[in-house]
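Dear colleague,

Please find below the structure I promised to pass on, with its sequence.

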Amino acid sequence: QVQLVESGGGLVQPGGSLRLSCVASGNIFSIVAMSWYRQAPGKERDVVASITKGGTTTYGDSVKGRFTISRTNGENTSDLQMNSLKPEDSAVYYCNLRGYDTNFKWGDYWGQGTQVVVSS
C-alpha cells in the first residue's frame with residue numbers, strides 16, 4: 001500500500017501565497033513522477049503541475065509563472081508553492097504519485113485532497 005497525505009490548504013486573500021505539501025509513505029520502490037491536480041465544484045480534475053524523478057517539471061497554462069513544484073527525492077515528498085493566487089485557483093488540490101511498489105507493480109496513487117479557497 002502507498003499512502004499520500006496532503007497539507008497546507010486554507011483560506012487566503014487574492015494575491016497571497018500558500019504552500020502545499022504531500023508526503024508519500026508505504027511500499028514505495030520507485031517514483032516515476034509526482035503531480036498536483038485540482039478540482040473545482042462542477043469541473044473536471046485538471047493537472048496543475050508535475051515533476052519527474054529526474055526533476056523535469058511541467059505546469060498547466062493557468063499557473064505558469066505563479067506556481068512552483070518541487071520534490072525531495074530521499075524523503076518522497078512534493079511541495080507546491082502557490083503565489084499570486086486568484087479566486088479561480090480555489091479548488092480541492094490532490095497529490096498524485098505514479099511509480100512502482102516493492103512488488104514492482106505499477107501504481108497511480110492519490111491523496112485525500114486539501115481545500116484551497118482564495119477570497120477576500
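What share of the contacts in the chain with a separation of 6 or more comes from residues 24 or more positions apart? Such residues account for 56% of those contacts, where contact means heavy atoms within 4.5 Å.

Before going further, please keep in mind that this is a predicted model, in which local features need pLDDT of at least 70 and side-chain atom pairs count only at pLDDT 80 or more, while totals for chains, interfaces and linings use all residues. Residues are numbered from 1 along each chain as its sequence is written, and side-chain values use heavy atoms, with hydrogens and water left out.

**Overall build**

The chain has eleven strands and zero helices, so that the order of elements from the N terminus reads β-β-β-β-β-β-β-β-β-β-β; helices (H or I, at least four residues) and strands (E, at least two) are DSSP runs, numbered from the N terminus. For 120 residues, a compact globule would have a radius of gyration near 14 Å, and the 14 Å of this chain agrees with that; the radius is taken over C-alpha atoms, and the globule rule is 2.2 Å times the number of residues to the power 0.38. Taken along the principal axes, the box filled by the C-alpha atoms is roughly 50 × 25 × 20 Å.

Of the 120 residues, 43% count as buried, a term that means under 20% relative accessible area, with exposed meaning over 50% and partly exposed in between (1.4 Å probe, protein chains only). The chain exposes about 6300 Å², of which carbon and sulfur atoms supply 48%; these areas come from the Shrake-Rupley method with a 1.4 Å probe, and for residues only the protein chains shown count as cover.

**The core**

The largest nonpolar core holds 28 residues, and those that touch the most other members are Trp-36, Val-48, Phe-67, Leu-80, Met-82, Tyr-93 and Leu-97. Such a core is a set of buried Ala, Val, Leu, Ile, Met, Phe, Trp, Tyr and Cys residues joined through side-chain atoms within 4.5 Å. Among the elements that give two or more residues to this core are strand E1 (2-7), strand E4 (28-39), strand E7 (67-72) and strand E9 (91-101).

Tyr-93, placed in strand E9, counts as buried because its relative accessibility is 0%. Leaving aside residues up to four places away in sequence, Tyr-93 touches a set of residues that includes Glu-6, Trp-36, Val-48, Phe-67, Leu-80, Met-82 and Val-116. Tyr-93 and Val-47 are 46 residues apart in sequence, and their C-alpha atoms are 9.6 Å apart in space. With the same exclusion of residues up to four places away, the contacts of Phe-67 include Arg-38, Tyr-59, Asp-89 and Tyr-93.

Ile-31 lies in strand E4 and is buried, with a relative accessible area of 4%. Not counting residues up to four places away in sequence, Ile-31 touches Lys-53, Arg-71, Asn-76, Leu-97, Arg-98 and Gly-99.

**Loops and backbone**

Most residues other than glycine have a negative phi. Ser-84, although not a glycine, has a positive phi of about 50°; Ser-84 is found in the loop between E8 and E9 and is partly exposed, with a relative accessible area of 40%. Phe-104 also has a positive phi, near 65°, and this residue sits in the loop between E9 and strand E10 (106-110), where it is exposed at a relative accessible area of 57%.

Two further loop residues deserve a mention. Ser-62, in the loop between strand E6 (57-59) and E7, counts as partly exposed at 46% relative accessibility, and its C-alpha atom is 16 Å from that of Ser-17, which is 45 residues away in sequence. Gly-54 lies in the loop between E5 and E6 and is exposed, with a relative accessible area of 74%; Gly-54 and Ile-28, 26 residues apart in sequence, are 17 Å apart from C-alpha to C-alpha.

With best regards
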